[in-house]
Amino acid sequence: MPTEHLFATGAQAAADIATRIATLLAEGIATRGVASIAVSGGRSPRPVLEALSAVDLDWSKVVVTLVDERWVAPDSADSNERLVRETLLQGAAAKARFVPMKNDAADAYAGQAAVEADFATLPWPLDIILLGMGDDGHTASLFPEGKELAEGLASKALTIAATPPVAPHQRMSLTAHAIVQSHHIFLQISGAGKKAVYDRALAGGAVEELPIRLALLQEAVPVEVWIADA
Ligand SMILES: O=C(O)[C@H](O)[C@@H](O)[C@H](O)[C@H](O)COP(=O)(O)O
């Protein structure tokens, strides 16, 4: 069962997540000489990444990467790389090694092999994988009804190119296999709608129906969930 952290507001939850991440990154540096985190995009992580950026750490020993990415230029408003560069990788935190999930290939499928090769150089298991969850129960870019969902759940690769059923832009995503190759899985949700999806996911059932179950219903990696009322 996940450990749940309950907050009234997303801002309070974000501050608490950032503190927890900072503690674990410092421990990672102390015990392994390097610390690592993969972060999600979307709206929820922004305040976490901003707060984390201000933390006093030896950022040169931190590897930062993404849980998923849209196959768009890194300066696009839809780019998760842009989000991370504008929020986390500022000031002293700019010294972190950032490993992008997007390259110059014409599409995500053509670019996947090079992304996979880059991801093979990361210090697995990563210290922290910070997940978000969509209203449809997707996590990373593993969407219910997604064409590549079965492969994303079964593959032994670290990454997968995917086309979301409705959202624009091809994606690059961690596979389920990569997500559980971590010391800690964190999930951030806010609002009654997502809480209801989370409760349904936790109650059990097919991972294909609510892919967030790949994290919630496994027991190999401890999961912590930050739940904000709004
Ligand atoms: O958008 C992305 O980059 C992530 O792929 C996605 O998995 C995200 O974490 C959820 O869709 C939740 O998004 P919000 O935090 O915006 O609700």
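Figure 1. Pro-125 lies in the loop between helix H4 (residues 108–119) and strand E6 (126–131), where helices (H or I, at least four residues) and strands (E, at least two) are DSSP runs numbered from the N terminus. The peptide bond that joins Trp-124 and Pro-125 is cis, with omega at about -10°. The structure is a predicted model, in which local features need pLDDT of at least 70 and side-chain atom pairs count only at pLDDT 80 or more, whereas totals for chains, interfaces and linings use all residues. Residues are numbered from 1 along each chain as its sequence is written.

**Figure 2. The seven-stranded parallel sheet.** Seven strands form an open sheet with parallel pairing, in the order E1-E10-E9-E6-E2-E3-E5; two strands are taken to pair if DSSP finds at least two bridges between them. E1 and E5 are the edge strands, each of them pairing on one side only. On average, neighbouring strands of this sheet are turned by 20° against each other, direction ignored, the axes being lines fitted to C-alpha atoms (for helices over the stretch in contact) and angles running from 0 to 180 degrees between N-to-C directions.

**Figure 3. Strand E10 and its partners E1 and E9.** Strand E1 (residues 3–7) pairs with strand E10 (residues 223–228) in the parallel sense over five bridges, and the bridge partner of Leu-6 in E10 is Ile-227. Strand E9 (residues 182–190) also pairs with E10 in the parallel sense, over six bridges, and here Leu-187 has Val-225 of E10 as its bridge partner.

Figure 4. Val-221 is placed in the loop between helix H8 (213–216) and E10. With 15 C-beta neighbours inside 10 Å, Val-221 counts as partly exposed; a residue is buried if 20 or more other C-beta atoms lie within 10 Å of its own, exposed if 12 or fewer, and partly exposed in between, with C-beta atoms placed from the backbone. Not counting residues up to four places away in sequence, Val-221 touches Val-180, Ser-182, His-184 and Ile-185, where contact requires that the C-beta atoms, placed from the backbone, lie within 7 Å. Val-221 and His-184 are 37 residues apart in sequence, and their C-alpha atoms are 6.0 Å apart in space.

Figure 5. Strand E3 (residues 62–66) and E5 pair in the parallel sense over three bridges, with Val-64 standing opposite Phe-98 in E5. Arg-97 is also found in strand E5 (residues 97–99), and with 15 other C-beta atoms within 10 Å it is partly exposed. The C-alpha atoms of Arg-97 and Thr-23, which are 74 residues apart along the chain, are separated by 19 Å.

Figure 6. An open sheet of three strands has antiparallel pairing and the order E4-E8-E7. Strand E4 (68–70) and strand E7 (159–162) stand at the edges, each with a single partner strand, so one side of each is left without a neighbour in the sheet. Neighbouring strands of this sheet are turned by 15° against each other on average, direction ignored. E4 and strand E8 (residues 171–174) pair in the antiparallel sense over three bridges, and Arg-70 stands opposite Arg-171 in E8. Helix H4 lies across E7 and E8 and runs at about 165° to E7.

**Figure 7. Two loop residues with positive phi.** His-169, in the loop between E7 and E8, has a positive phi of about 75° although it is not a glycine, and it counts as partly exposed with 15 C-beta neighbours inside 10 Å. Glu-145 lies in the loop between E6 and helix H5 (149–154); its phi is near 70°, a positive value in a residue other than glycine, and with 12 C-beta neighbours inside 10 Å it counts as exposed.

**Figure 8. The crossing of helices H2 and H3.** The axes of helix H2 (residues 45–53) and helix H3 (residues 80–87) come within 8 Å and cross at roughly 35°. The contact is made by Arg-46, Leu-49, Glu-50 and Ser-53 of H2 together with Leu-83, Val-84 and Thr-87 of H3.

Terms used:
Contact = placed C-beta atoms within 7 Å.
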